[in-house]
Amino acid sequence: MNNSQYETKLTIRWWVNDKSIDEVDESDKGTLFDFSMDMISSMVSEGFTEGDLGATVSSDENRVYRGYWEFKEQTSEAKAYSLPFGVNLQITSDGAGQMSSELAKQFSLEDGSIDDKGEASADALEALLLSMGCAGVDLDDPKILSALKSAVDQIGQNL
């Protein structure tokens, strides 16, 4: 698994260029967005990462706005967890997650196979761990690790 992902952030700021108006009119937001996307896509293709969008006049009410845009590339580090039973998770800063796991092996039968109950038990624990990680719970907490071990023991005894 890769420990980072590539992200971009585009910030567009519009403000009223007329002192008689306090804020951007709701009905103009779509037009300003469309204008921004057309201007910015051509500027980014030419290598620019920020710039003035100039004055834009709204056609219906003659409202005048000024705009500025900024494009940033950033790397978002992922939090990696290596838990007991071969459970490995990566959680990105935006709460997305990936998991690989060998947890089902803990519920194998004497012949080494894993039945539906064992698979379902492993799937449920994996889903819980992944959702906890994505929700921001620190899975390195010793209490979480202890609870995972206890849950695996209890499930194994009751299968």
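# A guided reading of the predicted chain

The accessible surface of the protein chain comes to about 10200 Å², and 48% of that area belongs to carbon and sulfur atoms; accessible areas here come from the Shrake-Rupley method with a 1.4 Å probe, and for residues only the protein chains shown count as cover. The model is a predicted one, in which local features need pLDDT of at least 70 and side-chain atom pairs count only at pLDDT 80 or more, while totals for chains, interfaces and linings use all residues. Residues are numbered from 1 along each chain as its sequence is written, and side-chain values use heavy atoms, with hydrogens and water left out.

The protein chain holds 3 helices and 6 strands, where helices (H or I, at least four residues) and strands (E, at least two) are DSSP runs numbered from the N terminus. Read from the N terminus on, the elements follow the order β-α-β-β-β-β-β-α-α. The radius of gyration of the protein chain is 26 Å, well over the 15 Å that the globule rule gives for 159 residues, so the chain is more spread out than a compact globule; this radius is taken over C-alpha atoms, and the globule rule is 2.2 Å times the number of residues to the power 0.38. Along its principal axes the C-alpha trace spans about 80 × 30 × 30 Å. Of the 159 residues, 25% count as buried, a class defined by under 20% relative accessible area, with exposed meaning over 50% and partly exposed lying in between (1.4 Å probe, protein chains only). Among the contacts (heavy atoms within 4.5 Å) with a separation of 6 or more, 56% join residues 24 or more positions apart.

We turn next to the interior. In soluble globular proteins, nonpolar side chains tend to be buried together. A nonpolar core is taken here as a set of buried Ala, Val, Leu, Ile, Met, Phe, Trp, Tyr and Cys residues joined through side-chain atoms within 4.5 Å. The largest such core in this chain has 15 residues, and Leu 83, Leu 89 and Leu 103 are those with the most contacts inside it. At least two residues of this core are supplied by each of strand E4 (79–83), strand E5 (87–91), helix H2 (116–134) and helix H3 (142–158), and the largest share, 4 residues, comes from H2. Not counting residues up to four places away in sequence, Leu 83 touches Leu 89, Leu 129, Leu 139, Leu 145 and Leu 148. A second, separate core of 8 residues includes Val 16, Ile 40, Met 43 and Leu 53.

Helix H1 (residues 29–45) has 17 residues, which at 1.5 Å a residue should span 24 Å, and its end C-alpha atoms are 24 Å apart, which agrees; the expected span of a helix is 1.5 Å times one less than its number of residues. The buried residues of H1 are Leu 32, Ser 36, Ile 40 and Met 43. Seen down the axis of H1, these fall within an arc of 60°, so they line one face of the helix, the arc being that of the directions from the helix axis to the C-beta atoms. The face of H1 turned away from its buried side carries the exposed residues Thr 31, Asp 38 and Ser 45, and H1 is followed by Gly 47, whose phi is positive, near 100°.

For H2, the 19 residues should span 27 Å at 1.5 Å a residue, and the end C-alpha atoms are 27 Å apart, which agrees. Its buried residues include Gly 118, Leu 125, Leu 129 and Met 132. The buried residues of H2 cover an arc of only 130° around the axis, which puts them on the same side of the helix, and what covers them includes E4, E5, E6 and H3. On the face turned away from that buried side, H2 carries the exposed residues Asp 116 and Lys 117.

Ser 121, in helix H2, counts as buried at 14% relative accessibility, and outside its sequence neighbours up to four places away it touches Phe 107, Ile 155 and Leu 159. Leu 159 lies in the segment after H3 and counts as partly exposed at 47% relative accessibility; leaving aside neighbours within four places in sequence, Leu 159 is in contact with Phe 107, Lys 117, Gly 118 and Ser 121.
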